[in-house]
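This report describes how two chains meet and how parts of each are built. Please keep the sequence and the structure in view while reading.

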Amino acid sequence: MSIQLKELLTGLTSARAAGNPQSVLDLIPYSSFIGAQARLEQDGVLYWLDRRPSNIGNPSLPAIHGGVIGGFLELSAAIEILYTLDVNLVPKVVDFSLDYLRPGRYKTIYANCTVLRQGNKLVNVTATAWQDDIQTPIATARCHFLIS
Amino acid sequence: MNLKLAIFKPMLKLAMERTGHGAALGFELTRVGRGEVEMSFPYKEEVVGNPVTGVVHGGVIVSLLDTCCGCAAISVLKRPSVTPTMDLRLDYMHPAEPGQPIYVSAKVYRDTSNVIFCRGSAWQDDPENPIAHCVATFMRVDTPSISLGNVIRRRFKRLIHGDKAYEREADK
């Protein structure tokens, strides 16, 4: 299952060249476990998570598990770094802060990310998740990653 | 253990271990007390976040701590209901050792009329050397649509009829 760093870097280079962020996601087992997908849009990478029974948290609402929303946003933020920045290792997450704004209903979740600051060591990324309308987000996250 | 916890623990175990994301990840609720909950997660290759080192993805730790803190929050309610997460903040101290189970514990440290404050930590071999630490806040809600009866009915329905019935309900 594990791959060599060289393979990962080759995969990243070809994903950027082909404009295909999905192939970066495919390198990470957790992304297929929750079912995360990505494609390049005009204004950046769009991430989405189709509904599946194994992502349900509270069946009484019904709602997507809060941890899945968090995991999806953390994953999206890491992919954003791997895909858009010139890094040569998997970014190490240092902290993660998540605000839940609305319940994640049992349907597709979309997300986009913004790299707010990139230093030599540290990157700050925000990620926003929504369902029907980008103007009514269901969660926002902010995370720091070490990239050296 | 008082009567409320005696009923509450198996219900919570059923919900967290047998349905949805908790079941997919293989969560186990190991201790339920009033305002204090402990859980464990066996290592799974499917949830690796770093394919080079085999370290599990941070999202698993988020799910574990969110679930554990959420259960601790529910456990302090006088009347059974649900407690949506308001926010969750995690610090990752060091990467989890691949192949080893992860243990988490959560504790309610302040319980007010509207908000329940929790903290939790995740570790592998030594609780004093955690892999992650978190603080989380939960809302108290009290509406009939998400009452205990509804929660139990829906969960049983799903256990009996499987995911199909559940998806139909979600589409309504």
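## Basis and overall make-up of chain B

Helices (H or I, at least four residues) and strands (E, at least two) are taken here as DSSP runs, numbered from the N terminus. The model is predicted, and with these terms chain B has five helices and eight strands. Read from the N terminus on, the elements of chain B follow the order α-α-β-β-β-β-α-β-β-β-β-α-α.

Chain B has 172 residues, of which 40% count as buried. When the contacts in chain B are limited to residues at least 6 apart in sequence, 60% of them join residues at least 24 apart.

## The side of chain B that touches chain A

Between the two chains, 40 residues of chain B are in contact with 40 residues of chain A. On the side of chain B that touches chain A, at least two residues each are supplied by α2 (20-25), β3 (48-50), α3 (58-75), β5 (85-92), α4 (148-161) and α5 (163-171) of chain B. The largest share of this side comes from β5(B), with eight residues. By residue class, the side of chain B that touches chain A divides into 17 nonpolar, 13 polar and 10 charged residues.

## Strand pairing across the interface

Which strand of chain A pairs with β5(B), and in what sense? The partner is strand β5 (residues 92-100) of chain A, and the two strands pair in the antiparallel sense over five bridges. Within this pairing, Arg89(B) in β5(B) has Ser97(A) standing opposite.

Helix α4 (residues 66-84) of chain A packs with α3(B) at an angle of about 155 degrees, the axes of the two helices being 8 Å apart. Angles over 145 degrees count as roughly antiparallel, and α4(A) and α3(B) are therefore roughly antiparallel to each other. The crossing in which α4(A) passes α3(B) is right-handed.

On the side of α4(A), the residues that take part are Gly66(A), Gly67(A), Val68(A), Gly70(A), Gly71(A), Phe72(A), Glu74(A) and Leu75(A). They meet Gly58(B), Gly59(B), Val60(B), Val62(B), Ser63(B), Asp66(B) and Thr67(B) in α3(B). The residues of this contact of α4(A) with α3(B) divide into five nonpolar, eight polar and two charged.

## Strands β6, β7 and β8 of chain A

Strand β7 (residues 122-130) of chain A pairs with β6(A) and with β8(A). Strand β6 (residues 109-118) of chain A and β7(A) run antiparallel and are joined by eight bridges, with Asn112(A) standing opposite Thr128(A) in β7(A); a hairpin through three residues joins β6(A) to β7(A). With strand β8 (residues 137-146) of chain A, β7(A) pairs in the antiparallel sense over nine bridges, and Val125(A) has Cys143(A) in β8(A) as its bridge partner. The hairpin that joins β7(A) to β8(A) passes through six residues.

In a regular strand the side chains alternate between the two faces of the sheet. In β7(A), the covered face holds Val123(A), Val125(A), Ala127(A) and Ala129(A), whereas the uncovered face holds Leu122(A), Asn124(A), Thr126(A), Thr128(A) and Trp130(A).

## Lys6 of chain A

Lys6(A) and Asn88(A) lie 82 residues apart in sequence, while their C-alpha atoms are 9.3 Å apart in space.

Terms used. Residues are numbered from 1 along each chain as its sequence is written. Chains are lettered from A and ligands numbered from 1 in the order in which they are written. This is a predicted model: local features need pLDDT of at least 70, side-chain atom pairs count only at pLDDT 80 or more; totals for chains, interfaces and linings use all residues. Two residues are in contact if their C-beta atoms, placed from the backbone, lie within 7 Å. Ala, Val, Leu, Ile, Met, Phe, Trp, Tyr, Cys and Pro count as nonpolar, Asp, Glu, Lys and Arg as charged, and the others, Gly among them, as polar. Two strands pair if DSSP finds at least two bridges between them. A residue is buried if 20 or more other C-beta atoms lie within 10 Å of its own, exposed if 12 or fewer, and partly exposed in between; C-beta atoms are placed from the backbone. Axes are lines fitted to C-alpha atoms, for helices over the stretch in contact, and angles run from 0 to 180 degrees between N-to-C directions. Angles under 35 degrees count as roughly parallel, over 145 as roughly antiparallel, 65 to 115 as roughly perpendicular and the rest as oblique. A crossing is left-handed if the near helix is turned anticlockwise from the far one by less than a right angle, and right-handed if clockwise.
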